[in-house]
Amino acid sequence: MTLHSGVSASGELDLPALDAVAMSYAQRSGDDARRAAREELVRSAMPFAGRLARRYRGRGEPMDDLEQVARLGLLKAVDRFDPQRGAFTGFAAATIIGELRRHFRDRTWGVHVPRRMQELSIEVNRASTELTAKLRRSPTVPELAERLRVDEEDVLAALETAAAYTPLSLNMPARAESEAELGDLIGGSDVGLEAVDDRLTVASLLCRLPERERRILALRFYGNKTQTEIATELGISQMHVSRLLSRALAWLREAMLSDAPRQWQAGAAPGDHHEITVHRDDNGGTVRLEISGEVDRDTADPLRTALIEAVDLAAGRNAPRDLAVSLAGVPIIDAAGVSALLAGYEAARAAGVRLRIGDTQLYVRRTLRVAGLSPIMAAG
């Protein structure tokens with residue numbers, strides 16, 4: 001059924017004519033007749049929905065999107081229309097406007113905020129415009145709160161919420177005449193934080209390793225030295241360094257996964273021989289000891305024995321009663337080795353022998369200084 005009365009010059013039906021089309025649709029029976037009447041009502045009401053959508057243009061949303069939302073509201077109004085509750089145009093207008101407002105509320109905010117704050121933000125903006133025109137200045141927060149009959153805290157929250165409607169783009173320049181963008185100023189996740197727990201665990205476990213293994217790990221992973229360079233510095237073979245490094249790493253991995261790490265077992269690796277070489281020279285008056293190798297808890301006893309024997313030899317001479325100990329071939333000395341040297345020093349002092357330690361490598365020299373042996377160390 002097509003009505004020709006009430007048609008405007010633009011071809012749009014006026015409100016009474018549109019209500020008549022809607023009433024005809026509601027009275028139709030039969031699926032085919034009702035479907036045809038529905039299509040006629042929707043086609044006739046399209047300009048009406050478009051007119052309502054145009055009321056909301058200029059608010060940052062594309063006109064095409066607003067028209068689509070208005071048409072969706074029109075379809076809902078057509079399907080829910082009940083002639084007993086009033087005219088179609090009034091019901092359709094309320095439904096379409098509700099859809100448009102819901103679109104602005106739910107789809108146009110850059111950040112999701114509660115509905116109450118969205119609505120209050122709109123009311124604050126409207127009240128601010130009205131008070132600015134009336135007072136000829138920007139209204140204060142107390143004035144806005146009084147106008148809207150809300151708390152000042154709510155007005156402040158609504159003003160902050162308004163900033164979420166159109167958030168700044170991360171591609172905006174950070175400052176004038178600068179190539180940096182806002183996104184460049186945002187920090188990222190610190191991947192190092194994930195390794196903090198592991199680092200603390202490793203640090204505590206490293207203290208349970210022997211001095212030699214700790215130094216090899218430090219040279220390899222902190223000094224970035226190759227196994228060959230480490231072997232040259234320690235005076236051992238590259239294969240020996242490889243075995244020691246593999247054993248230390250295996251123990252660390254196992255210890256990190258265990259609630260009760262097992263004790264480090266020295267000399268457990270095949271070919272891991274702990275020995276020192278002692279060369280004694282008693283020609284020319286001064287007794288000399290030349291020590292080579294790593295001095296640790298496995299080799300400290302031979303060093304202690306060699307020192308005491310050399311002290312006895314020097315003490316049996318008339319003069320000079322000197323004992324010179326060369327550590328030129330010692331790359332590493334731990335607490336047990338320092339204890340052996342102290343035992344030799346005490347024996348020499350009791351026997352009246354002047355004991356001097358010389359030719360120390362840098363790492364060994366630092367260890368002896370920390371142990372308080374500086375007075376008996378030769379210069380250099």
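**View 1. Contact between helix 9 and helix 11 in the predicted model.** Arg212, Glu213, Ile216, Leu217, Arg220 and Phe221 of helix 9 meet His240, Val241, Leu244, Leu245, Arg247, Ala248, Leu249 and Leu252 of helix 11; contact means heavy atoms within 4.5 Å. By class, this contact of helix 9 with helix 11 has nine nonpolar, one polar and four charged residues (Ala, Val, Leu, Ile, Met, Phe, Trp, Tyr, Cys and Pro count as nonpolar, Asp, Glu, Lys and Arg as charged, and the others, Gly among them, as polar). The axes of helix 9 (residues 211-221) and helix 11 (residues 238-256) come within 10 Å and cross at roughly 95°, which makes helix 9 roughly perpendicular to helix 11. Axes are lines fitted to C-alpha atoms, for helices over the stretch in contact, with angles from 0 to 180 degrees between N-to-C directions. Angles under 35 degrees count as roughly parallel, over 145 as roughly antiparallel, 65 to 115 as roughly perpendicular and the rest as oblique.

The model is predicted: local features need pLDDT of at least 70 and side-chain atom pairs count only at pLDDT 80 or more, while totals for chains, interfaces and linings use all residues. Residues are numbered from 1 along each chain as its sequence is written, and side-chain values use heavy atoms, with hydrogens and water left out.

**View 2. Contact between helix 8 and helix 11.** Helix 8 (residues 196-206) has an axis that comes within 10 Å of the axis of helix 11, crossing at roughly 120°; the two helices are therefore oblique to each other. Helix 8 passes helix 11 in a right-handed crossing (a crossing is left-handed if the near helix is turned anticlockwise from the far one by less than a right angle, and right-handed if clockwise). On helix 8, Asp198, Thr201, Val202, Leu205 and Leu206 take part, meeting Trp251, Leu252, Ala255 and Met256 on helix 11. The contact of helix 8 with helix 11 has seven nonpolar, one polar and one charged residues.

**View 3. Helix 1 against helix 2.** The axes of helix 1 (residues 15-27) and helix 2 (residues 31-54) come within 9 Å and cross at roughly 155°, so helix 1 is roughly antiparallel to helix 2. The crossing of helix 1 past helix 2 is left-handed. Helix 1 contributes Leu15, Leu18, Val21, Ala22, Tyr25 and Ala26, and helix 2 contributes Arg34, Ala37, Arg38, Glu40, Leu41, Ser44, Ala45, Phe48 and Arg51. These residues divide into ten nonpolar, one polar and four charged.

**View 4. Surroundings of Ala77.** Ala77 is found in helix 3 (residues 63-80); helices (H or I, at least four residues) and strands (E, at least two) are DSSP runs, numbered from the N terminus. Ala77 is buried, with a relative accessible area of 0% (buried means under 20% relative accessible area, exposed over 50%, partly exposed in between; 1.4 Å probe, protein chains only). Not counting residues up to four places away in sequence, Ala77 touches Phe88, Phe91, Ala92 and Thr95. The C-alpha atoms of Ala77 and Thr89, twelve residues apart along the chain, are separated by 9.2 Å.

**View 5. The aromatic pair of Phe81 and Phe88.** The structure holds one aromatic pair. Phe81 and Phe88 form this pair, which is edge-to-face, with 5.3 Å centre to centre and 85° between the planes. Rings of Phe, Tyr and Trp (its six-membered ring) pair if their centres lie within 6.5 Å; planes under 30 degrees apart count as stacked, over 60 as edge-to-face and the rest as tilted. Phe81 is buried at 11% relative accessibility, and Phe88 is buried at 1%.
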